[in-house]
There are 2 protein chains.
Amino acid sequence: MTDYPGFKFEVLHEDSASRARVGRIDTPHGSLRTPAFIFCATKAAIKAASTADLEAANVDIILANTYHMLIQPGPDLVAEMGGLHKFMGWDGPMLTDSGGFQIFSLGQGTEADEIKSAGARKQAPLLEKLTEEGATFRSPRDGSRHTLSPEASVEIQRKLGADLIVVLDECTPYHVDRKYTADSLALTKRWADRSLAEFERGHDGRQALYGVVQGGVYEELRRESAEFVSSRPFFGHAVGGCLGAQEDQMYDVVRYSMEPLRCDRPVHLLGIGGIRDIWEGVEMGIDTFDCVTPTRIARHGWALSREAPSFRQNLRNAKFRNDDRPLDEDCDCIACRRYSRAYIHHLLKANEILGLHLRTVHNIRYMTRLLATVRAAILSDRLQEAKQDWLHGA
Amino acid sequence: MTDYPGFKFEVLHEDSASRARVGRIDTPHGSLRTPAFIFCATKAAIKAASTADLEAANVDIILANTYHMLIQPGPDLVAEMGGLHKFMGWDGPMLTDSGGFQIFSLGQGTEADEIKSAGARKQAPLLEKLTEEGATFRSPRDGSRHTLSPEASVEIQRKLGADLIVVLDECTPYHVDRKYTADSLALTKRWADRSLAEFERGHDGRQALYGVVQGGVYEELRRESAEFVSSRPFFGHAVGGCLGAQEDQMYDVVRYSMEPLRCDRPVHLLGIGGIRDIWEGVEMGIDTFDCVTPTRIARHGWALSREAPSFRQNLRNAKFRNDDRPLDEDCDCIACRRYSRAYIHHLLKANEILGLHLRTVHNIRYMTRLLATVRAAILSDRLQEAKQDWLHGA
């Protein structure tokens with residue numbers, strides 16, 4: 001039975017009206033308070049913020065993407081440099097994903113949002129085949145062929161050295177039918193056991209493994225998958241895969257996944273973290289979220305705000321031209337403490353990259369403040385009121 | 001006679017072997033130690049660093065370019081927002097130039113370095129005519145026609161509100177003959193008196209005016225120009241214009257300009273600030289320098305270093321792939337304290353904009369440390385040794 005001596009998940013308080021809970025995950029690189037938002041340092045960098053900026057914004061945990069690390073600079077180089085923590089100057093908790101999501105979603109061109117920009121498109125792998133062994137794809141960088149197997153994913157993540165790592169799964173597209181999804185889930189389960197075996201083979205206590213719940217949009221398959229991962233010696237669980245076309249269907253799928261999961265392990269919701277998603281997910285028992293949206297929209301001119309229903313404002317809008325207020329009167333980030341909306345509007349008009357930094361730092365701080373609000377609300381048994389207050393009109 | 005009650009220039013120590021001196025310029029926004037490097041926040045932003053980053057790097061003074069402010073967001077908007085200091089979140093000393101350099105050099109396409117990138121080219125004005133009244137050009141932004149006269153430049157700079165402002169001059173190209181240069185200098189002198197008159201008309205003690213030494217590469221014209229500005233009630237002087245084709249000729253031209261200048265006013269060298277230029281300029285009595293190079297080369301992958309003769313290294317070079325040392329072992333900037341050359345190399349390979357920030361912050365800190373070294377050397381009467389030590393082999 002896999003043991004995680006350097007890790008601990010402790011539930012500190014449970015909501016009486018929902019599955020929401022406040023907890024703490026201890027890792028060899030310190031602790032994180034849950035519910036938490038995991039910020040995406042895709043290629044070992046939060047594009048427009050340094051790890052010092054993350055600390056100033058009270059960030060507990062970040063993630064890097066195994067697929068991107070595989071392409072550049074490669075896991076061996078990262079290992080030679082002492083692992084991802086040292087390489088990217090981050091001494092706190094860190095998660096890596098399995099690499100599967102990028103290969104299945106980008107490789108098949110379904111992740112429209114990801115491939116909008118030319119830069120992202122150049123990063124997209126070409127999925128050549130999917131077999132029992134693993135997924136074979138070509139690197140967009142040099143055309144080299146790679147097979148990402150469950151064992152390879154664990155091995156790569158071991159070289160990267162993140163605290164929390166994730167098993168390889170097949171991430172099914174939205175449009176596939178029940179038969180395809182069931183077969184895929186069976187493969188994902190076999191891969192999970194191979195991942196566990198490989199993990200235990202090299203386990204030195206520095207990493208903890210998450211098993212992924214799949215099953216598409218099908219309730220019984222989600223239940224089967226959740227029961228399966230609960231029966232295996234994972235440290236935590238992740239809810240992944242296609243989560244439906246509409247927000248409401250996504251919440252149903254998360255609910256199907258959550259109900260059978262054991263309650264003594266942390267649960268991560270993969271790639272989802274809109275403002276409403278967080279309030280809803282927390283109620284369903286989700287402990288951690290990750291999403292590129294806060295930092296990505298920052299680069300496109302948006303700052304997160306309290307204004308429903310979108311909770312964002314585009315600073316390019318001419319109405320901000322002479323608006324001398326900060327992005328958010330209540331925010332303590334450097335963008336809000338030093339600069340006005342008018343200045344950030346000017347930076348957009350003048351194509352100044354400082355604006356990317358200021359909006360990124362603001363959006364990161366917005367998310368850490370949101371999650372702090374969520375945790376405080378759970379601890380004081382006021383989650384419902386806090387949710388309604390934040391989502392008013394949304 | 002123009003009086004500058006809120007300003008003071010004090011020479012604290014003079015070198016015995018050269019015109020080098022350590023001083024202090026007091027402004028309504030605090031003091032700066034001289035010799036100093038003035039960092040270029042061209043469009044009211046140091047592209048990849050915030051004003052908080054500048055403070056952390058011990059930056060005393062920055063500048064913004066009047067031409068760029070005129071084009072976007074316009075001086076009236078800046079005034080409405082409380083002036084440049086408040087607008088751009090910088091509470092320290094600040095200089096603006098007259099706007100002439102961009103109009104004459106970019107407008108005639110001689111500033112090859114500036115217009116290399118498409119972005120800069122789009123910013124270039126079209127110089128339509130130059131008359132006694134001023135320079136007429138079209139905005140590259142909206143095609144609107146502007147006339148920049150001596151009075152208009154002072155008025156725009158008054159709205160921007162920098163502490164140190166500069167008179168409009170004609171910046172002659174390198175290839176013009178003595179006759180053209182002499183006529184141009186005569187115009188520049190008439191413009192200087194008009195600038196002073198306009199400055200005194202609106203003078204409220206918050207700004208101090210610099211007169212510019214022109215005269216091309218011609219020694220007598222430089223002398224005539226320096227004697228002229230010394231005879232007028234400027235707070236400080238700036239050495240401008242085409243400074244020759246070769247480094248040595250540039251130093252001759254600066255020397256011609258410096259000799260007749262009064263010693264009780266600070267002298268700024270416009271647009272020059274290479275590593276060797278600073279050591280040479282200081283010996284000739286220059287008190288402040290400005291140059292876009294440290295921040296511009298940072299964006300192109302270069303980090304300033306102690307290695308002669310170029311004093312820079314390109315982190316894109318494959319030799320840095322697994323170099324786990326910081327950019328500079330002695331530097332205390334965040335890039336050097338947290339990250340390795342290998343990481344910064346990775347950021348370049350992965351096209352991550354965080355690299356622009358890290359190299360920018362490093363290069364800024366490099367320059368403030370260089371100028372601190374220069375000041376300490378003058379104060380301890382060791383300027384020659386310090387210069388040789390820094391430039392060894394260059």
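## Basis of the description

Residues are numbered from 1 along each chain as its sequence is written, while chains are lettered from A and ligands numbered from 1 in the order in which they are written. Because the model is predicted, local features need pLDDT of at least 70 and side-chain atom pairs count only at pLDDT 80 or more, whereas totals for chains, interfaces and linings use all residues.

Helices (DSSP runs of H or I, at least four residues) and strands (DSSP runs of E, at least two) are numbered from the N terminus.

## Cis peptide bonds in chain B

Between B:Thr34 and B:Pro35 the peptide bond is cis, with omega near -5 degrees. In chain B, the loop that holds B:Pro35 runs between strand S3 (30–34) and strand S4 (36–40).

A cis peptide bond also leads from B:Gln72 to B:Pro73, with omega near 5 degrees. B:Pro73 belongs to the loop between helix H2 (66–71) and helix H3 (75–80) of chain B.

A:Asn58 is not a glycine, yet its phi is positive, near 70 degrees. The loop between helix H1 (51–56) and strand S5 (62–64) of chain A contains A:Asn58. Because A:Asn58 has 16 C-beta neighbours inside 10 Å, A:Asn58 counts as partly exposed (between the limits for buried, 20 or more other C-beta atoms within 10 Å, and exposed, 12 or fewer, with C-beta atoms placed from the backbone).

B:Ala44, also not a glycine, has a positive phi of about 65 degrees. In chain B, B:Ala44 is placed in the loop between S4 and helix H1 (51–56). B:Ala44 has 26 C-beta neighbours inside 10 Å and therefore counts as buried.
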